[in-house]
Amino acid sequence: MTKYLFEANYVGDGIKGLLREGGTKRRDAVVDALKSVDGSLECFYYAFGETDVVGVFEIPDAASAAALSLMINATGAVRLHLKPLMTVEDLDEAAKKTPTYRAPGQ
């Protein structure tokens, strides 16, 4: 399973819903959404400033992560951004690879 860092911002009616329901119910909604795609929540934190919510979840594949992101963003109440996370071992493997690339104009 791949871990993803998620960052979310409540928008419009999403802010009103958060105020009405509270943080625990919103976290529970995320847990239920993750279960629907065979994922699980590792951590969930509220913040203030540029980002309202941050956390980490595990999900089985990129298609499930994309489906979850599309579903949540389509509500218009939350803007969700996902970032796949890599282990240090993943980076070690990447560093061993030698892809080829031609920069623009070269």
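Is Arg26 buried, partly exposed or exposed, and at what relative accessibility? I looked this up in the model, which is a predicted one. Arg26 comes out as partly exposed, at 26% relative accessibility.

**Entry 1: the partner of Arg26.** I then examined the contacts of the Arg26 side chain. It meets the side chain of Glu21 in a salt bridge, with 2.9 Å from N to O. I checked Glu21 as well and recorded a relative accessibility of 36%, so Glu21 counts as partly exposed.

**Entry 2: the whole structure.** I located both residues: Glu42 is in strand β2 (residues 40-46) and Lys3 in strand β1 (residues 2-10).

**Entry 3: accessibility of Glu42 and Lys3.** I noted 46% relative accessibility for Glu42, which is therefore partly exposed. For Lys3 I noted a relative accessible area of 31%, so Lys3 is partly exposed.

**Entry 4: Asp28 and Arg27.** I also looked up the pair Asp28 and Arg27, whose side chains meet in a salt bridge at 3.5 Å, N to O. Asp28 has 35% relative accessibility and counts as partly exposed. Arg27 has a relative accessible area of 34% and is likewise partly exposed.

Methods
Residues numbered from 1 in each chain as written. Predicted model: local features only at pLDDT ≥ 70, side-chain atom pairs only at ≥ 80, totals over all residues. Heavy atoms only, no water. Helix = DSSP H or I, 4+ residues; strand = E, 2+ residues; numbered from the N terminus. Buried < 20%, exposed > 50% of the residue type's maximum accessible area, 1.4 Å probe, protein only. Salt bridge = Lys/Arg side-chain N within 4 Å of Asp/Glu carboxyl O.
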